[in-house]
Amino acid sequence: MKITLKDGSVKEYSSGMSVIDIAKDISEGLARVACAGEINGQVVDLRTVVEDDCELSILTFNDEAGKAAYRHTTSHVLAEAVKRLYPGAKLAIGPSIDTGFYYDFDTPPFDRAALDELEKEMKKIIKEGAELEKFTLPREEAIQFMKDREEPYKVELIEDLPEDSVISFYRQGDFVDLCAGPHLMSTKTIKAIKLISSSGAYWRGSEKNKMLTRVYGTAFAKNSELDEYLAYLEDVKKRDHNKLGREMELFTTVDVIGQGLPLMMPKGARMIQTLQRWIEDEEEKRGYMLTKTPLLAKSDLYKISGHWDHYREGMFVLGDEEKDDEVFALRPMTCPFQYYVYKDSQKSYRDLPCRYGETSTLFRNEDSGEMHGLIRVRQFTISEAHIICTPEQVEEEIRGCVDLIHYTLSTLGIDEKVTFRFSKWDPNNKEKYIGTAEEWEKNQDTMRKILEHMNINFTEAEGEAAFYGPKLDVQFKNVHGKEDTIITVQLDNSIAEKFDMYYVDKDGEKKRPYIIHRTSVGCYERTLAMLIEEYAGLFPTWLCPEQVRILPISEKYHDYANKVASELKVNGVRCTVDERAEKIGYKIRETRLDRVPYMLVVGQKEEEEGLVSVRSRFLGDEGQKPLDTFINDISKEIRTKEIKKVEVEQQA
Ligand SMILES: [Zn+2]
Ligand SMILES: [Zn+2]
C-alpha cells in the first residue's frame with residue numbers, strides 16, 4: 001500500500017502498519033511527540049492499523065486534534081489519580097475542551113489542597129509511564145464489565161449506545177476507562193500539567209440529576225507554554241467582572257434577594273445611568289420616539305404574541321390559570337407593548353417608519369445554574385426598540401440599526417472585538433417558530449441580501465433565530481472566552497398579522513408593516529460587565545463614577561478644595577474631596593487604587609493663584625494648571641467620550 005504524507009512524499013509498505021509504526025518509520029523523534037493520526041481527513045488513534053492507500057498526517061500537540069488527544073489522555077491520568085486517592089469515587093465523563101480538559105466525578109468536592117495532592121499523584125502516574133492499551137467488548141459484556149467495577153455512570157453511558165455497538169476501552173496500568181479515543185501511546189508523553197479549579201456540575205448537565213464534582217485542568221507540551229497560560233489566567237482573574245465589579249463596589253448580590261438579581265451599588269448605578277442617558281439622547285437624535293410601558297401584563301397579551309406558547313417556561317407567571325380569573329406575567333420583552341402604542345391611532349405610509357424606543361426592564365426565568373455575575377441575570381434593562389416600517393424601508397432601517405451599533409461599540413472602544421452572526425431558524429424544528437417555511441426562507445433571503453449589501457462579515461447559525469424571525473447577532477467573548485450575544489437586529493414579517501397592525505398605503509389599501517426588533521447597546525448589566533473586563537476597571541473618564549478626587553494637603557485648604565469641587569460640579573464633572581487627616585502620599589495611593597482617573601492636589605500656591613496640581617492615570621504628574629484650563633480639558637474629554645491611552649504604569 002502507498003501512504004501519502006503531508007509533505008507529499010510517499011511511503012510504501014507490503015502489509016498493514018499502525019499509525020505509530022509509520023511515525024517511527026518516518027523518525028523516532030516524530031513518534032515521540034505523536035498524539036494522533038489523520039487518515040484521509042479523519043482523526044484516528046495512533047494504534048489504528050492502516051491497510052489501504054491513503055493520505056496520512058501524524059498529529060502532534062501543535063495540531064488541534066493532537067492537542068485534544070494529549071489533553072484528553074491527561075484527563076484519564078487525573079481519573080486514575082482520583083481512583084487511587086479516593087477509591088470510592090465514581091467516574092462520569094472527561095473530555096478535552098478548548099482550554100484543557102475536565103473530568104466529572106461522583107465524589108465530595110475537592111478543595112485546593114486536594115487538587116494539589118491529585119496533581120502530585122498525576123505526576124507520579126506520568127513518571128511511571130504506563131502504556132495505554134485499547135481493547136473492545138460487545139455491548140452486553142461492556143455493561144457487565146463496568147457493573148463489576150461499580151461504575152454506574154459508565155453503565156448508563158454504554159446502555160445509551162445501540163444494541164450492536166462494539167465498545168472500546170483504554171487501559172493504563174490498573175486503570176480502565178470507557179472511551180472512544182484517540183489517545184497517546186503512553187502517559188509518559190505528557191509534559192506539563194496543572195489542575196486549575198473544581199466546581200459542581202450536574203450529571204448530563206441537567207438540574208434534575210445529581211451534582212457531581214468537576215475538576216478542570218490543562219496540559220501543555222512544554223513547561224514554558226504552561227507558565228504563559230497560567231500568567232494569562234492570572235490576568236483574566238484580575239479582570240473578571242464578577243470579582244473586580246464587586247471589589248470596586250459596582251454591584252453585589254444577596255442570597256435572600258435571589259440569584260441572577262444583582263444590586264447596582266451607587267457607583268455601578270451611576271455608570272449605568274450615564275450609559276442610558278447617552279443612548280436615549282443618541283436615539284432621539286436618530287428619530288426614535290420614547291415610550292414607557294408596563295413591566296407586566298395579562299396572559300391574554302402573551303397569548304396573542306406567541307410568548308405564552310413559545311416562551312412560557314422563560315417567563316415569571318403571577319397567578320394560577322386554574323384558580324385565578326386573571327393571570328399576569330412579568331414581561332420578557334417589550335415588543336407587544338409597543339405594538340399597542342402603534343395601534344393607538346390609524347397610521348398611513350406617511351407616518352412610517354415609526355421608531356419606538358424604550359429603556360426597558362425585562363425578566364427572564366433562567367435556570368439558577370446559568371447565573372453568572374452581571375452576564376446571566378433574571379432581570380435586566382435594555383434599550384429596546386421596534387421599528388415599524390414598509391417593506392421598501394426595511395433595508396434602510398436595518399442599515400440605520402447597524403450604523404447605530406457601530407457608533408455605540410466604537411464609542412465604548414470594543415467595535416473591533418465583536419463578530420457578526422446571522423441567525424436562522426431550524427427547518428427540522430418547525431414547531432419552535434411561527435410562520436411557514438416559505439415565509440422563513442423569504443425573510444432570511446431578504447435579510448441576507450441586506451447584510452451582503454452592507455459588506456458585513458458574518459457567520460451563519462441555524463436554530464439561533466428568534467421564534468418570529470431571523471436576526472443579526474453581535475457576538476462578544478468575555479475574558480473566559482465564553483461568547484455571548486450582546487446586540488441583535490431582528491426582522492419580523494409575521495407578528496403584524498397576529499396583532500392586526502396595518503398602515504394605509506398610497507393606493508388606499510391596508511397593508512401589513514414589517515417590524516424590526518433591535519437593541520443598540522448590550523443590556524446595561526452585561527455592557528457594564530464587558531466594560532469592567534475590557535478596561536480592567538480603568539474606565540474612560542466619561543464613564544467613571546468618580547472622575548476627579550480633590551486632595552487638600554492640609555485642613556487649611558479644605559475651603560479652596562470645596563470651591564474647586566463646586567466649580568467642577570457646576571460643569572458636570574463628578575468629583576469628591578478627601579478631607580481626611582491622612583498624609584497626602586497615602587491619599588494619592590488610595591485614589592489610584594480606587595481607579596479615579598484624575599486627582600487634584602491643592603495647597604497654598606494653588607489657592608493663592610487659582611491653580612490645581614493635576615495627576616492623572618494617563619500622563620502621571622501633569623503639573624499645575626489654572627482651574628479653568630483643567631475644567632475645559634476634562635469637559636471636552638467627557639463630552640467627546642474620549643478613550644485616552646494610559647501612559648503610566650498602574651499600581652492598582
Ligand atoms: Zn479517553
Ligand atoms: Zn421585540
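Analyst: P182 is found in the loop between strand 13 (175–178) and strand 14 (192–202), where helices (H or I, at least four residues) and strands (E, at least two) are DSSP runs numbered from the N terminus. This is a predicted model, in which local features need pLDDT of at least 70 and side-chain atom pairs count only at pLDDT 80 or more, while totals for chains, interfaces and linings use all residues. Residues are numbered from 1 along each chain as its sequence is written, and chains are lettered from A and ligands numbered from 1 in the order in which they are written.

User: What kind of peptide bond joins G181 and P182, and what kind runs from L352 to P353?

Analyst: The bond joining G181 and P182 is cis, with an omega of about 0°. The bond from L352 to P353 is also cis, its omega being near 0°, and P353 lies in the loop between helix 12 (335–342) and strand 22.

User: Why does D500 count as exposed, and why does A536 count as partly exposed?

Analyst: D500 has 11 C-beta neighbours inside 10 Å, whereas A536 has 18. A residue is buried if 20 or more other C-beta atoms, placed from the backbone, lie within 10 Å of its own, exposed if 12 or fewer, and partly exposed in between. D500 is therefore exposed, and A536 is therefore partly exposed. Of the 652 residues of the protein, 38% count as buried.

User: What is the phi of D500, and what is the phi of A536?

Analyst: D500, in the loop between helix 15 (495–498) and strand 28 (503–504), has a positive phi of about 50° although it is not a glycine. A536, in the loop between helix 16 and strand 31 (548–552), has a phi near 45°, a positive value in a residue other than glycine.

User: What makes helix 3 roughly perpendicular to helix 4?

Analyst: Helix 3 (residues 64–85) and helix 4 (residues 112–128) pack at an angle of about 115°, with their axes 9 Å apart. The axes are lines fitted to C-alpha atoms, for helices over the stretch in contact, and angles run from 0 to 180 degrees between N-to-C directions. Angles under 35 degrees count as roughly parallel, over 145 as roughly antiparallel, 65 to 115 as roughly perpendicular and the rest as oblique, so helix 3 is roughly perpendicular to helix 4. By class, their contact has nine nonpolar, no polar and four charged residues; Ala, Val, Leu, Ile, Met, Phe, Trp, Tyr, Cys and Pro count as nonpolar, Asp, Glu, Lys and Arg as charged, and the others, Gly among them, as polar.

User: Why is helix 9 called roughly perpendicular to helix 16, and which residues of the two helices meet?

Analyst: Helix 9 packs with helix 16 (residues 524–535) at an angle of about 110°, the axes being 10 Å apart, and that angle makes the two helices roughly perpendicular. In helix 9, G268, M271, I272, L275 and Q276 meet Y524, T527 and L528 of helix 16, contact being defined by C-beta atoms, placed from the backbone, that lie within 7 Å. These residues divide into five nonpolar, three polar and no charged.

User: What makes strand 18 and strand 25 edge strands?

Analyst: Eight strands form an open sheet of mixed pairing, in the order 18-22-23-30-27-26-24-25. Strand 18 (289–290) and strand 25 (458–462) are its edge strands, each pairing on one side only. Two strands pair if DSSP finds at least two bridges between them; strand 18 is joined to strand 22 (residues 354–363) by two bridges, and the strands run parallel. The bridge partner of M289 in strand 22 is Y356.

User: How do you know that strand 34 and strand 35 pair, and why does Q624 count as partly exposed?

Analyst: Strand 34 (residues 611–616) and strand 35 (residues 620–626) run antiparallel and are joined by six bridges. They form a hairpin with three residues between them, and L611 stands opposite P626 in strand 35. Q624, which has its place in strand 35, has 15 C-beta neighbours inside 10 Å and therefore counts as partly exposed. Not counting residues up to four places away in sequence, Q624 touches E606, L611 and S613.
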